Amino acid sequence: MTPPESLVTNEDAVDLSGLDSNWTKVEKRKGKKQRKLERKLDATTPKFLYSKGEILKRREAVSISDIRDLVLHLVTDAPPSSWVRVENPRTIQKVVALLIPGLTPELLSLPPLPTSATANPHLPLQIPLPAVGATDGVPFISRTFSHACPTHAPGDQTRMHSVLGSFFQTPVSGEEKKRRLLERVTSERTQEKTGTRYLLTREQMIENDYPIPSYIADTFEKPEGWIETPEPSGDIADARILAIDCEMCQTDDGKQLARVCIIDYTSGIVIFDKLVKPTKPITDYLTRWSGITAEAMAEAYTTFEQVQAQVLSLLSASPTPILLGHSLESDLRALKICHPRCIDTAVIFHHPRGRPLKPGLAWLTKKWCGREIQNRGEGGHDPEEDARACVDLLKKKVANGPGYGEFKVDFESIFERMARARRGTVSSVVVDHGNPASWHGSKATTTVACQSDDEVLEGLLNAVSSHTFSFGRFTALADVLGWITNKTSGEVIGEGAPEAGSVRPPDNIADILSGLDARLNRLYDTLPPRTALIIFTGHSDPRQMAALNVRKSTFETAVRSGKSAEELGLELRWTSADARALEEEVEKAKRGLLFLGLKDAK
């Protein structure tokens with residue numbers, strides 16, 4: 001947007017003093033050219049037009065991946081979508097995408113989706129204009145958008161998959177696949193089969209929220225009691241690899257370290273195994289997960305400081321040892337140690353649904369090593385067992401090459417795709433609850449961590465003007481509806497279900513909707529001209545689906561343990577009717593809405 005004329009004149013009066021008139025004339029010609037460009041852009045206003053014919057051909061509603069592909073078309077050189085036509089897409093200056101779970105058709109007073117066999121439920125719904133002076137609901141939606149397009153979340157018959165995962169991960173193009181394959185083949189030919197090639201890079205450590213030593217990056221401020229190992233020394237090819245696993249117990253002062261086990265990678269010998277006496281009284285031994293018991297801790301006399309010093313001594317040898325673990329950043333945080341050389345099996349092996357999800361150690365060991373661990377039930381698992389699993393996994397990786405244990409390598413972050421745009425690198429920002437820098441925003445240009453919707457709004461207001469693509473998520477509505485269980489990350493997957501037939505919204509829903517409306521209005525008012533505004537809800541109420549899945553999982557666990565149907569009782573049995581009900585609830589939960597709009601150029 002062209003700055004006010006008076007502002008340009010005033011600044012030029014300061015900056016151009018003493019320069020000759022020829023220079024000023026050039027500036028005038030530049031200004032004339034800029035105004036001509038603005039008039040041309042005004043004459044080619046961008047528009048969104050839903051393609052009814054294409055939507056009618058689809059077996060399902062517009063998907064989250066379709067919304068992702070539309071974003072990539074607007075900000076990169078990605079191909080256009082068939083279900084929506086964008087007129088003059090290159091005149092769109094910025095794209096803002098907002099995920100707002102909880103915005104249901106009922107709350108927005110939209111007509112219900114058609115259920116007749118002759119009507120298509122995937123077609124966009126016309127949004128009725130708000131009544132004059134209306135303040136109920138979210139008037140911004142009806143004033144700004146003409147249609148609400150039904151959407152469908154990812155998943156299978158029994159589960160809904162991550163909306164964020166589908167939006168932020170995109171298939172790799174054929175050209176990029178060939179480039180990566182050639183790069184991998186070349187790399188495998190030139191590198192020896194050693195574990196050192198799987199060392200985490202500085203970027204990977206930052207992305208996975210590692211406590212990084214100050215001499216590597218100034219990204220982690222060590223609290224009191226933290227230490228860091230000396231700067232790396234010696235030939236890394238001769239470095240010893242040490243597999244580590246730590247266990248915790250709950251105390252009056254939160255979780256504290258209870259046991260540390262370290263195994264030598266080459267020999268398989270346990271070189272360190274100590275119980276740690278917590279500084280505060282233990283309130284929960286967390287035996288099911290840690291394997292720690294009251295009897296074992298009765299023999300614990302070594303203090304945390306002593307164990308920390310002993311581990312530091314092991315890691316201070318030359319050449320500097322390499323630490324191996326699963327989600328190793330958690331073990332380092334438990335020990336309050338920063339270390340530069342790390343290998344993480346949760347990073348070098350993939351989750352079957354791809355990044356940014358991480359696989360569990362027990363699943364990895366069963367899948368790639370053919371054996372089960374952590375199967376002692378209430379007795380918990382042994383840190384030595386976990387450390388040995390990491391050793392075996394790394395040995396499998398070394399023997400079979402970098403591609404071993406990877407899934408969905410044909411997918412990448414949308415921000416990696418944006419970085420290869422032919423029109424130039426696209427600046428991007430993710431403003432979200434929790435820590436987006438270690439999750440879906442790890443590849444974005446900028447991330448802003450927030451703890452409330454007000455902070456999300458402020459983050460967007462500060463970032464939109466300097467970024468081509470901006471993503472934000474408002475979760476207060478989903479929270480008050482009872483859809484959110486993880487308050488740190490704002491993950492919208494409910495565990496408890498409402499009573500059957502109970503759909504009455506909470507008493508304070510009007511205040512929440514009013515606050516959302518105010519935030520949307522404030523954000524929209526500050527958007528530059530020719531900004532595409534994309535709002536999507538992702539899904540509907542997931543609680544009934546989640547409750548049925550808990551019942552199903554409980555039943556399957558009981559059957560695997562050898563219990564008969566008579567022992568389970570009627571309330572714990574899982575029937576064919578329950579399976580049908582689950583499939584119906586999954587389809588309901590996958591329903592969402594999409595709103596497409598453009599800020600006027602005037």
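## A tour of helix packing and aromatic rings

Start by selecting α20 and α22: α20 passes α22 in a left-handed crossing (the near helix is turned anticlockwise from the far one by less than a right angle). This is a predicted model, where local features need pLDDT of at least 70, side-chain atom pairs count only at pLDDT 80 or more, and totals for chains, interfaces and linings use all residues. Residues are numbered from 1 along each chain as its sequence is written, and side-chain values use heavy atoms, without hydrogens and water.

The axes of α20 (residues 543-560) and α22 (residues 576-589) come within 8 Å and cross at roughly 145° (lines fitted to C-alpha atoms over the stretch in contact, angles from 0 to 180 degrees between N-to-C directions). Helices here are DSSP runs of H or I with at least four residues. Now show the contact residues (heavy atoms within 4.5 Å), including M545 and L548 of α20 and L582 and V586 of α22.

Next, colour the aromatic rings: the whole structure holds 13 aromatic pairs (ring centres within 6.5 Å; planes under 30 degrees apart are stacked, over 60 edge-to-face, the rest tilted). Select F140 and F145, an edge-to-face pair at 6.2 Å centre to centre with 80° between the planes. F140 is buried at 2% relative accessible area (buried means under 20%, with a 1.4 Å probe and protein chains only).

Move on to W368 and Y404, a tilted pair at 4.9 Å and 55°. W368 lies in α14 and Y404 in the loop between α15 and β16, so the pair ties together parts 36 residues apart in sequence.

How values were computed
Helices (H or I, at least four residues) and strands (E, at least two) are DSSP runs, numbered from the N terminus. Rings of Phe, Tyr and Trp (its six-membered ring) pair if their centres lie within 6.5 Å; planes under 30 degrees apart count as stacked, over 60 as edge-to-face and the rest as tilted. Buried means under 20% relative accessible area, exposed over 50%, partly exposed in between (1.4 Å probe, protein chains only).
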